[in-house]
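I opened this notebook to record what I looked up in one structure. The entries follow the order in which I checked helix packing, backbone geometry and the pocket.

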Amino acid sequence: MFSNESRGGTRSRPLAATAVVVAAALAGGWFVYGAHRGSGAGTADGRGPATAPAADRTSPAPVAQGDSPATPGATPGVPRKELAGRTIVLDPGHNPGNAGHTAEINRSVDIGTHRKACDTTGTATNSGYPEASYTLDVAHRARALLEARGAKVVLTYDGDRPYGPCVDERARTGNAAHADAALSIHADGAPADKFGFHVIAPRSLHEGAADTRAVAAPSLRLATTLRTRFRAVTGEPFANYLGGKGLTVRDDLGGLNLTTVPKVFIECGNMRNAHDAAEMTDPAWRQKAAEGIADGLTDFLEGKR
Ligand code: ZN
């Protein structure tokens with residue numbers, strides 16, 4: 001299930017990209033600019049060394065007649081803050097303290113379509129690594145990556161309360177922040193022979209306090225970019241216990257029903273599966289998961305599909 005397609009934290013695509021190299025003689029020297037993602041792996045996004053395959057980046061390139069000059073505002077060596085001005089809410093699923101606060105966690109809250117428990121304890125690996133510890137760790141890693149790209153990142157909680165928050169509050173945090181995108185991070189607790197990840201988007205509905213009609217479509221697009229990038233970076237396959245090739249649409253999750261901003265859930269793997277559990281207990285894999293998450297959110301905010 002591993003396909004080692006990621007390359008050390010860069011956003012390199014699995015396939016060799018064709019770099020568009022624009023050379024300009026400036027200030028008495030040659031500066032080579034790799035094109036931004038889409039047409040090639042480049043330096044302009046500031047996410048690591050370029051992987052321009054063909055160009056010898058140490059030699060002056062021939063003058064490209066008629067080409068426009070360097071990207072306005074792009075300064076070699078200075079990371080481009082492509083998410084500047086954007087707000088992202090990350091919601092680490094569950095709370096390690098939930099198990100000790102069953103009365104508070106079991107009280108019901110209104111999720112629009114019906115009432116549902118405030119939250120659950122979440123699952124755990126067979127060796128006892130809790131889902132809630134996994135989700136908070138990955139949220140921290142993703143936050144660091146997204147902040148480095150210029151985003152403002154808000155967490156629904158940050159290990160700073162004994163239990164909760166409830167699912168309705170988790171949704172409202174994203175709404176109050178007027179998030180450009182929101183993501184709930186989870187891991188699943190399916191039968192041991194099942195494995196893989198999936199993304200969950202909200203169904204379009206208008207019922208009680210729930211009105212996702214305006215955000216269902218952008219959320220589905222977010223789900224798609226996240227699915228693509230998470231798989232590319234981690235090599236994790238689509239969940240083999242659901243249809244939909246790693247993407248489902250649901251109307252029974254309070255965190256989605258009550259959102260007024262584009263939002264999805266990701267179930268990063270099955271903690272009850274030995275292979276997935278080994279991945280999720282490995283900090284290096286969690287870093288990959290965070291990169292896949294950050295890249296999926298970035299693609300969405302940059303309008304990629
Ligand atoms: Zn969960």
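In which hand of crossing, left-handed or right-handed, does H4 pass H7? I worked on a predicted model, and in it the crossing of H4 past H7 is right-handed.

**Entry 1: H4 and H7.** I looked up the geometry of this pair next. Helix H4 covers residues 216-234, and it packs on H7 at an angle of about 145°, with the two axes 7 Å apart. From H4, I listed Pro218, Arg221, Leu222, Thr225, Leu226, Arg229, Phe230, Val233 and Thr234 as the contacting residues. They meet Trp285, Lys288, Ala289, Glu291, Gly292, Ile293, Asp295, Gly296, Leu297, Asp299 and Phe300 of H7. Sorted by class, the contact of H4 with H7 comprises ten nonpolar, four polar and six charged residues.

**Entry 2: H2 and H7.** I then turned to helix H2 (residues 131-148), which packs against helix H7 (residues 283-301) at about 55°. Their axes lie 8 Å apart. I noted their crossing as right-handed. On the H2 side the contact is made by Tyr134, Asp137, Val138, Arg141, Ala142, Leu145 and Leu146. On the H7 side I recorded Pro283, Trp285, Arg286, Gln287, Ala289, Ala290, Glu291, Ile293, Ala294, Leu297 and Thr298. The class count for the contact of H2 with H7 is twelve nonpolar, two polar and four charged.

**Entry 3: backbone.** I checked peptide bonds and found that the one from Gly164 to Pro165 is cis, with omega near 5°. Pro165 sits in the loop between strand S6 (152-155) and H3. I also noted His94, a residue other than glycine with a positive phi, near 70°. His94 belongs to the loop between strand S3 (87-92) and helix H1 (102-106).

**Entry 4: the largest pocket.** Which residues lie nearest the centre of the largest pocket? I found His94, His186, Leu253, Phe265 and Glu267 there, among 28 lining residues. The volume of the largest pocket is about 470 Å³. By class, I counted eight nonpolar, eleven polar and nine charged residues in its lining. Elements that each supply at least two lining residues include helix H3 (167-176), strand S7 (181-188), helix H5 (254-257) and strand S12 (263-270). S7 gives the most to this lining, with four residues.

Notes. Residues numbered from 1 in each chain as written. Predicted model: local features only at pLDDT ≥ 70, side-chain atom pairs only at ≥ 80, totals over all residues. Heavy atoms only, no water. 1 Å grid on protein atoms, 1.4 Å probe; cavity = no way out; pocket = protein on both sides within 12 Å on 5 of 7 lines; lining within 4 Å. Points joined across faces, edges and corners; volume = space filled by probe spheres on them. Nonpolar A, V, L, I, M, F, W, Y, C, P; charged D, E, K, R; others polar. Axes fitted to C-alpha atoms, helices over the stretch in contact; angles between N-to-C directions. Left-handed = near helix turned anticlockwise from the far one by under 90°. Contact = heavy atoms within 4.5 Å.
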